[in-house]
Amino acid sequence: MRTHLCFQVFLIPFYLILFGVSGQCQIGQQSILIQLKNKLQFNSSVSTKLVSWNPNVTTDCCKWGGVTCSSRGQVVGLDLSNETISGGIDDSSDLFDLENLENLNLAGNKFEFIQIPSRFGSLASLKHLNLSNSGFSGQIPGELSQLTSLEVLDLSSLFSYGIRSLKLEKPNLTTLVQNLTLLRGLYLDSVNISAQKFDWCKGLSSSLLDLEVLSLSNCQLSGPLDDSLGRLKSLSIIRLALNNLSAPVPDFFADFKNLTAIHLGACNLHGTFPEKVLQLRSLESLDLSVNSNLYGSLPHFPMNGSLRSLVLSNTNFSGGIPESIGNLKSLSRIELPKSNFSGRIPKSMENLTQLSYLDLSSNYFIGQIPSFQQCKNLTHIDLSRNSLSGLIPSAHFQDLHNLVLVDLRFNAFNGSIPSSLFSLQLVQKIQLSNNNFDGVLANFSNASASLLDTLDLSNNKLEGKIPRSFFELQRLSILLLSSNKLSGKIETKDFQGLTNLTTLDLSFNNLSIITNNNISGLSHLPKFFSLKLASCNLQKFPHLQNQSRLINLDLSSNKIDGEIPSWIWTVGNGSLSYMNLSHNHLTSLQKPYRFSDLSVLDLHFNNLSGEIPIPPRTATFIDYSDNRFDSDLPESIGLSLGMAYFFSVSKNLLTGVIPNTICNASYLKVLDLSNNRLTGRIPQCFTEFGGNLGVLNLGNNGLSGRIKGNFPSSCGLNTLDLHGNSLEGKIPPSLVNCTMLEVLNLGNNRINDTYPCSLGNHTNLRVLVLRSNRFHGSVRCGEGPHNKWQKLQILDIALNNFSGEVPADCFWQWGAMMSGEQSQKKHLSFMVLQLNDFYYQDTVTVTVKGLELELVKILTLFTSIDISSNRFSGKIPSTIGRLKELYLLNVSHNEFTGSIPSSIGNLSQLESLDMSSNQLTGEIPSLLTDLHFLSLLNLSHNQLKGRIPTGPQFQTFTETSYEGNKGLCGFPLDRRCSHSVVPTYAPNSKESTNGIDWQFIFTGVGFGAGAAIVMGPIVLSKKGRYFWDNYTNKLVKMICLALGIHYAPCVLFNDDEEDEKETVDSDENTDESEYESEGDPSKGRYCVFCTKLDFTRKEAIHDARCTCFDRTQVLSTFSTSSSEAESPFSKL
């Protein structure tokens, strides 16, 4: 295998020194070198070559550092790289008197952005010229094109210096290289070649047919990669990274049989990468990173491939990793993060013994991971953010003594954490958070000798005490153990030995932190940058006065009471940026206090009272909600919100008017002043906020007047909640500009307007509440489609004065209520700061059976429609049956006529149906018995008739569900039906025109006569009567049990009474106990929001985790009795 050309160039001076024949230095050559040295500006204390140019030490200049001579004593090679030269080379320099120079290396110096002297073109014998990373600037002189003997030209730079970078304009690239026909290596990285960015390929291919190395990274080139490049058959290295090529990778790359390296990172490549290029046996390095539109897959790799480095990060490569990757015995680096790879990690990777760097993070890999025990050179393993699972045997990481980092975060691994990880003395970072690791953490030996500086085991299921060996990790800097099941007591003195510890998070475990009352011992604690002790059973503030470097402090969800000490704001000596004291029992702030320059100040859910504190002007997140502040909002408070993104004072006792100075908070994304006692008008500027404001919540106050101002065209509101005030007038027409609106809640005001048809094109709308206002008129919106509310999930326009018919097409566009596309465990929320995962949680109140249920987290799968207490008339549209994901439907207290649409039986998720107080006629559709989750039904006060259908759910409803319908009969009403036919399902037979089916009657009479002839002798005999009675009892009992009716059989005969009683009792006990355990809804366990909507609770909390409780009392009459049906809320 041949050596790379660039490596050969690097070794040329050494070859000449070791093997070249060097004669005695000529006097003239020595003189030139001395004069050159005297004019050069360099740091002699750093120089290693120029300082050796001393005739007093040796007169033979050929022995001076960096000098190579020919056999005749002529200087042919000069290597002055990294000599800190900053000046002394220009067109008059003695350097250009060395006419026999063949190799010149000035790389790595500091020429302070001077132009390359044009006299370089006079060195006609030059074969290798290296001026890389030397600080040259400006136009590359055209005289360089005169170096016709040049084989390697390196003018590259690691970085681009903007307008100070080298550039090729006049001459351009084509002109520069047109005479350099012997050139084998061209390195122009970070040279500005934008003047010829389109036809550069043709300029190279027309002159440099022997080119082996093409390195033009970050040269502002454009694509496409012209077919003329295919003429450069000798190419072995192609580096074109950081150019906006915006082109596919050409197939002719596979024709370069000598190709060893392709680096095309961040080139905006697109299309599909040719598989044949990956199969080139000569290919050693491939880097296609940061090309998000580049597709492809990994092919079958042939045996004995040369590939050493494979970098495909941030691409759109997909598919699996083939088993044949094990054929690449030389592979040392695999970097595939943030792509679309999937499937299992092949077991053949266990055979990659040269592997040193493995990164498969942020893909879709599944299954278990292979063992890395044979990969002794591994230093870096990152498999984070996949769907990997299963146990990880400790042997997988056994004897990986070179391992420095292992990152398995955000997967689904379970079982014990591999103990072998802690025995690796060179490992520095172990990151295993957000998995399902469980069990007890064991102590390990030689902890004091470990180099471990980061240990992240947060968000797992670990139990037991924190091992004592953790407190012996002397180099430990970051320790994250939050959100586990760890227990035990920890004293602050336990951390005294961890002198390098800067970040500690023990939040949300079962730990108890015991603070040390001995203040003198505080000086031995680590100097923390971040300290998070949320939910650690703290009874009082820990002594942190000596924490001079603290930036983040989280003491939330503890049991700290009393006042907040004033010294807490001085912690960190001004560096404190994050303070979270929420969910404690704090009552006041010790005065005097002065907030430090905080970015986050969270005091919500305490018992703080009195005047509301003025936040620091540096704060971006301020949350004072759920306290007892009872002052006015200070007029100057807005001046302290100049940098704020989030400001919430909801659920306090604040009074007075809203200060106009809040309008100065131009960066606000969330403003929540809800649930207070604020009065006056809404400041006009609130409606005129620009695109930043995403949430405006002023609900449940005493605000009055009209909503003034115009919402701008740049309106970015996601949530507008003004409910529970005394607002008047109309909805501002300019609200149509808020196209991002998801939640609009104007309920419980005095708004006098018509239906908001102007919002019909708001495709993002999810919640619309106009409840209890003075809206009036029809809800029909012209002749076109009613609206485009494809994401609508909650509609509440109850308690208004809407009238007319409900348009049949109004339900056609409500896709979120039709299919399961929205049925994911997501809450409706607004992201405040993406980097910090700050969210605003939307809430809304729905009304069922007179109870207001506050949905404190609105799941995107929860759907409801409430149009009750209006003056709607006509028939209920049958198209309502399209909304198969609907949970609550209330059309009560209107003037609807006609029959109940049978299509309602299609609403398979329905749990609450209220159609009471209308003028509905006809029978109750038997298809309603298919609604297995229906737990509330109210059809009262209509004009319904006929038998009430029977079914598992219907047996749970009381007579109040049907009262006021004189024509109804059957269970649970006292009125019995005159005929015995139970319409459990819709009839299939056709009736005659006069309503009598004679065929059915004759069939019944014939069957009855035949049965009498057969059964008569049995009934007349004593033995037959006993057999018949026993059989009938069992049959009737089975029917009653199916209908949910308890049945106790009667004994008809005195003969053999004891035997019969024993048999009956035995059967009853068996059947009754079985019924109680399986079907009785008053037994066993129940789950809030798992099997039904629990209307005995006033607050509805949608949580992804279902909490079950032991049954202590009988459920309400709206509880379901179906034991087999699974409620959709069991998924929450």
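1. Basis of the note. This is a predicted model, in which local features need pLDDT of at least 70 and side-chain atom pairs count only at pLDDT 80 or more, while totals for chains, interfaces and linings use all residues. Residues are numbered from 1 along each chain as its sequence is written, and side-chain values use heavy atoms, with hydrogens and water left out.

2. Disulfide Cys25 to Cys61. With a disulfide taken as a pair of cysteine sulfur atoms within 2.5 Å, the count comes to six. One of these disulfides joins Cys25 to Cys61, with an S to S distance of 1.6 Å. The pair links distant parts of the chain, 36 residues apart: Cys25 lies in the loop between α1 (5-19) and α2 (27-39), and Cys61 in the loop between α2 and β1 (67-69). Helices (H or I, at least four residues) and strands (E, at least two) are DSSP runs, numbered from the N terminus. The torsion about the S-S bond of Cys25 and Cys61 is about 85°, so this disulfide is right-handed. Cys25 and Cys61 are both buried, that is, under 20% relative accessible area with a 1.4 Å probe and protein chains only (exposed is over 50%, partly exposed in between).

3. Two further disulfides. Cys62 is joined to Cys69 at an S to S distance of 2.0 Å; the torsion of -100° about the S-S bond makes this link left-handed, and both cysteines, Cys62 and Cys69, are buried. Cys969 is joined to Cys977 at 1.9 Å, and here the torsion is about 100°, so the disulfide is right-handed. Cys969 counts as buried at 11% relative accessibility, as does Cys977 at 17%.

4. Glu83. This residue lies in the loop between β2 (75-79) and β3 (103-105). Leaving aside neighbours within four places in sequence, Glu83 has contacts (heavy atoms within 4.5 Å) with residues including Phe42, Ser47, Lys49 and Asn109.

5. Strand pairing. Strands β14 (residues 291-296) and β16 (residues 315-319) run parallel and are joined by three bridges; two strands pair if DSSP finds at least two bridges between them. Gly296 stands opposite Phe317 in β16. β16 also pairs in the parallel sense with β18 (residues 340-344), over two bridges, and Asn340 in β18 is the bridge partner of Ser318.
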